Amino acid sequence: MRLYRAKDYKDMSRKAANIISAQVIMKPNCVLGLATGSTPIGTYQQLIEWYRKGDLDFSEVHTANLDEYRGLTKDNDQSYYYFMYHNFFKDINIDMANTNIPDGMNPDSAAEAARYDQVIRDLGGVDLQLLGLGHNGHIGFNEPEEAFEKGTHCVDLQPSTIEANKRFFASIDDVPKQAYTMGIKTIMQAKKILLIASGEDKAQILHEALCGPVTPHVPASILQMHNDVTVVADEAALSKFDKFDL
């Protein structure tokens, strides 16, 4: 596991974008696993800036997003399809036919899970998976459980996750209670993983995830078992670490 300390959110975003851009340059037809939420927005903005300068070409890139709310249409401004399009895809030269996000409107959760797992297999797996970190240690929407979920599945969102996401909705009652998400096994099968974290509110859970026991009660702790993980976090998120950690 490699840990890069960033000065602040902007520096974290730039360092993370550097890693993703290197992947795209080294393998122009790579498969990027992408994440949503507030943390990766700066990373996407940096990638867009480099694309506009002519430094990056996304024309052959395929993507597979981690998750999607169940019950939201693609044109809903809180769906993750909408998020990815408006925060990244529309501003680069990616072929939208090469982008993949779980279908939140599929009422058959088993069928949608099987379909999305097959999509990822057909792509040959994910070359680089970008991850954020939830306040309860979730990655994707893999919430703390008694066991690690393996493949794509429908998950009941925990109250802490719903509370954290209510700021994006008119009221907490409007926050979806379920989501489709890649499973832990799917995430761990990515060839490389890039975890990003920013802010003092992520400090405790980041330390637990990287330095504590591997447990499904802290889903991100499983990343300790992957052989190619890079963590980019700012000073605030790393405030619980000392020189002997990792």
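This is a predicted model: local features need pLDDT of at least 70, side-chain atom pairs count only at pLDDT 80 or more; totals for chains, interfaces and linings use all residues.
Me: Hi! Let's start with Ile-25. Which helix is Ile-25 found in?
Reply: Ile-25 belongs to helix H1, which covers residues 9-26.

Me: And is Ile-25 buried or exposed?
Reply: Ile-25 counts as exposed, because its relative accessibility is 55% and the cut-off for exposed is over 50%.

Me: Which residues does Ile-25 touch, if I skip those up to four places away in sequence?
Reply: Leaving those out, Ile-25 touches Asp-55 and Leu-56.

Me: What separation do the C-alpha atoms of Ile-25 and Val-229 have?
Reply: Those two C-alpha atoms are 19 Å apart, and the residues lie 204 residues apart along the chain.

Me: Back to H1. At what angle do the axes of H1 and H2 cross?
Reply: They cross at roughly 55°, and the axes come within 8 Å. That angle is why H1 is described as oblique to H2.

Me: Is that crossing left-handed or right-handed?
Reply: H1 passes H2 in a right-handed crossing.

Me: Which residues meet there?
Reply: On the H1 side they include Tyr-9, Arg-14 and Ile-20, and on the H2 side they include Ile-41, Leu-47 and Trp-50.

Me: New topic: strands! Do E2 and E3 pair in the parallel or antiparallel sense?
Reply: E2 (residues 31-34) and E3 (residues 62-65) pair in the parallel sense, with 4 bridges. In one of these, Val-31 has His-62 in E3 as its bridge partner.

Me: How does the chain get from E2 to E3?
Reply: The chain goes through helix H2 (residues 41-52), making a β-α-β crossover that is right-handed.

Me: What about E3 and E5, how many bridges do they have?
Reply: E3 and E5 (residues 99-100) have 2 bridges and pair in the parallel sense. Here Thr-63 has Thr-99 in E5 as its bridge partner.

Me: Now E7. Which side chains along E7 are buried?
Reply: In E7 (residues 153-156), His-153 and Val-155 point to one face and are buried.

Me: Last one: which strand is joined to E7 by 4 bridges?
Reply: That is E8 (residues 178-181), and E7 and E8 run antiparallel. Across this pair, Cys-154 stands opposite Tyr-180 in E8.

Methods:
Residues are numbered from 1 along each chain as its sequence is written. Side-chain values use heavy atoms; hydrogens and water are left out. Buried means under 20% relative accessible area, exposed over 50%, partly exposed in between (1.4 Å probe, protein chains only). Contact means heavy atoms within 4.5 Å. Two strands pair if DSSP finds at least two bridges between them. A crossover is right-handed if, with the strands pointing away from the viewer, the path from the first strand over the helix to the second runs clockwise. Axes are lines fitted to C-alpha atoms, for helices over the stretch in contact, and angles run from 0 to 180 degrees between N-to-C directions. Angles under 35 degrees count as roughly parallel, over 145 as roughly antiparallel, 65 to 115 as roughly perpendicular and the rest as oblique. A crossing is left-handed if the near helix is turned anticlockwise from the far one by less than a right angle, and right-handed if clockwise.
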